[in-house]
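Subject: Structure handover

Hi,

My notes on what I found follow below it.

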Amino acid sequence: MKLIAATLICAAAYPAALRAHHSTAEYDSSTVVEAKGEVTEFLWQNPHVRIEISTERFDGVSQLWYLEGQNPSDLDRARIPRDIVKVGDTVTFAGNPSTRRERRMYVTNVLLEDQTELVLRANAPPRWSPDRYLSHRQATVDPALAAADHAEGLFRVWVPIARKTPDWASDPPLTEAARTAWRAYDAIRDDPVIDCTPPGMPQVITRSGRMAIRFVQSGGDIVLKNEYRELDRIIHLNADDAAASQRAPTPLGYSTGQWDGESLVVTTTDSSWPYFQLYGLEGVPQNQEMTIVERFTASADGSELTYDISATDPQTFTRTVTAEGYRTFRWQPGFEFYPQDCVLEAEVR
């Protein structure tokens with residue numbers, strides 16, 4: 001095996017827990033491959049940056065490498081130039097190889113000809129140039145926008161900063177039929193989001209990566225805006241129960257809300273989304289009998305938001321499942337949402 005073409009390195013720095021949402025499922029985060037080649041295509045496009053590289057000049061293999069990296073919105077916020085990588089550039093790259101397809105990689109680091117390093121995976125450290133690298137962690141907020149942001153209470157922008165997978169996720173309390181379907185689930189084959197289908201409930205918030213949320217008052221209701229695929233959920237505070245039988249199921253379902261002290265409690269039913277997804281739990285089937293209850297609680301100083309979720313579905317779970325403190329968000333004054341258009345690999349090629 002040639003060192004420069006495919007050096008396999010044990011990578012404890014990239015544990016499996018750092019895997020992002022849907023499309024990274026096929027990549028082995030315990031292994032890092034490093035190689036060098038010439039860029040033949042570069043796409044700065046959601047859901048991930050994509051790079052095509054030929055290593056033929058260095059390893060004699062005519063096949064191309066296909067790489068995908070971080071969500072470009074994070075890189076835009078860090079003011080990283082979209083033309084930083086150009087066709088014809090010679091680069092060194094490293095990342096997590098696919099377990100299913102040859103010469104496919106979730107790229108973590110790219111070293112450019114001028115020795116500037118581009119970090120393309122959340123939480124990945126610089127690999128070659130610790131004093132000269134570009135990363136989403138260098139993102140800044142416009143001071144003028146931040147100074148003008150006087151939002152109060154829940155009604156502000158919240159950026160995810162942490163998550164906590166519930167203990168029961170490794171062995172969920174499933175009915176026999178649901179367990180059979182769960183074991184047969186294949187993230188690459190079955191997750192609709194891979195085909196750029198906008199996610200439904202609860203995936204839109206439980207597996208939304210680093211995407212922010214914003215609460216907005218709208219008449220007598222609340223709109224929960226998701227940066228993830230720019231989806232809006234209406235939370236009805238004055239729901240008409242008499243019309244419940246006439247509602248058609250939708251991927252986001254029908255949400256009602258009520259205040260419990262300073263916490264907003266949201267109950268969602270009538271979701272047609274096929275899967276119940278958490279970090280650490282993929283492919284659990286769900287149906288229209290699923291009832292999802294979310295609790296959003298802002299801290300006393302308004303700086304953080306705690307998110308709890310529970311789910312009841314007699315066809316799926318043998319009991320109500322609860323994930324308290326599943327996600328934590330932080331208020332980010334002046335934070336701007338970025339477009340979340342999605343392009344399939346097949347449309348690019």
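In which sense do strand S15 and S16 pair, and over how many bridges? Strand S15 (residues 275-278) pairs with S16 in the antiparallel sense, over three bridges. Two strands count as paired if DSSP finds at least two bridges between them. Strands (E, at least two residues) and helices (H or I, at least four) are DSSP runs, numbered from the N terminus.

Before the rest, the ground rules. This is a predicted model, where local features need pLDDT of at least 70, side-chain atom pairs count only at pLDDT 80 or more, and totals for chains, interfaces and linings use all residues. Residues are numbered from 1 along each chain as its sequence is written, and side-chain values use heavy atoms, with hydrogens and water left out.

**The hairpin**

S15 and S16 form a hairpin with two residues between them. Glycine 280 sits in the turn and has a positive phi of about 90°. Phenylalanine 276 has valine 284 in S16 as its bridge partner. Strand S16 (residues 281-285) is largely enclosed by the rest of the structure, because four of its five residues are buried. Buried means under 20% relative accessible area, exposed means over 50%, and partly exposed is in between (1.4 Å probe, protein chains only).

**The whole chain**

The chain has seven helices and 19 strands. Of its 349 residues, 50% are buried. It exposes about 15,900 Å², and carbon and sulfur atoms supply 50% of that. Accessible areas come from the Shrake-Rupley method with a 1.4 Å probe; for residues, only the protein chains shown count as cover. Take the contacts with a separation of 6 or more: residues 24 or more positions apart account for 60% of them. Contact means heavy atoms within 4.5 Å.

**Glutamate 117**

This residue lies in strand S7 (residues 117-119). Glutamate 117 is buried, yet it has no salt bridge. A salt bridge here is a side-chain nitrogen of Lys or Arg within 4 Å of a carboxyl oxygen of Asp or Glu. Which side chain of opposite charge is nearest to glutamate 117? It is arginine 127, 6.7 Å away. For charge, Lys and Arg count as positive and Asp and Glu as negative; His and the chain ends are not counted.

Glutamate 117 does have polar partners. Its side chain joins that of asparagine 109 in a polar contact of 2.8 Å. The side chain of glutamate 117 also reaches the backbone nitrogen of tryptophan 128, at 2.8 Å. A polar contact is a pair of N or O atoms within 3.5 Å; within protein, one must be able to donate a hydrogen and the other to accept it, and residues adjacent in sequence count only if both atoms are side-chain atoms. Leaving out residues up to four places away in sequence, glutamate 117 touches several others, including Val110, Leu111, Pro125, Pro126, Tyr133 and Leu134.

**Salt bridges**

The structure holds 17 salt bridges. One of them joins the side chains of arginine 127 and glutamate 34 (3.1 Å, N to O). Arginine 127 lies in the loop between S7 and strand S8 (133-134) and glutamate 34 in strand S2 (residues 31-43), so the pair ties together parts that are 93 residues apart in sequence. Arginine 127 is partly exposed at 27% relative accessible area. Glutamate 34 is partly exposed too, at 22%.

Aspartate 76 and arginine 82 meet through their side chains at 2.7 Å, N to O. Aspartate 76 is buried at 13%, whereas arginine 82 is partly exposed at 48%.

Aspartate 171 forms a salt bridge with arginine 179, with the closest N and O atoms 3.2 Å apart. Aspartate 171 is exposed at 51%, while arginine 179 is buried at 18%.

**Backbone points to check**

Methionine 201 and proline 202 are joined by a cis peptide bond, with omega about 0°. Proline 202 is in the loop between helix H5 (187-190) and helix H6 (203-206).

Two arginines have positive phi. Arginine 79 has phi near 60° and lies in the loop between helix H2 (72-77) and strand S5 (90-97). Arginine 103 has phi of about 55° and is in the loop between S5 and strand S6 (104-111). Arginine 103 is buried, with a relative accessible area of 13%.

Best wishes
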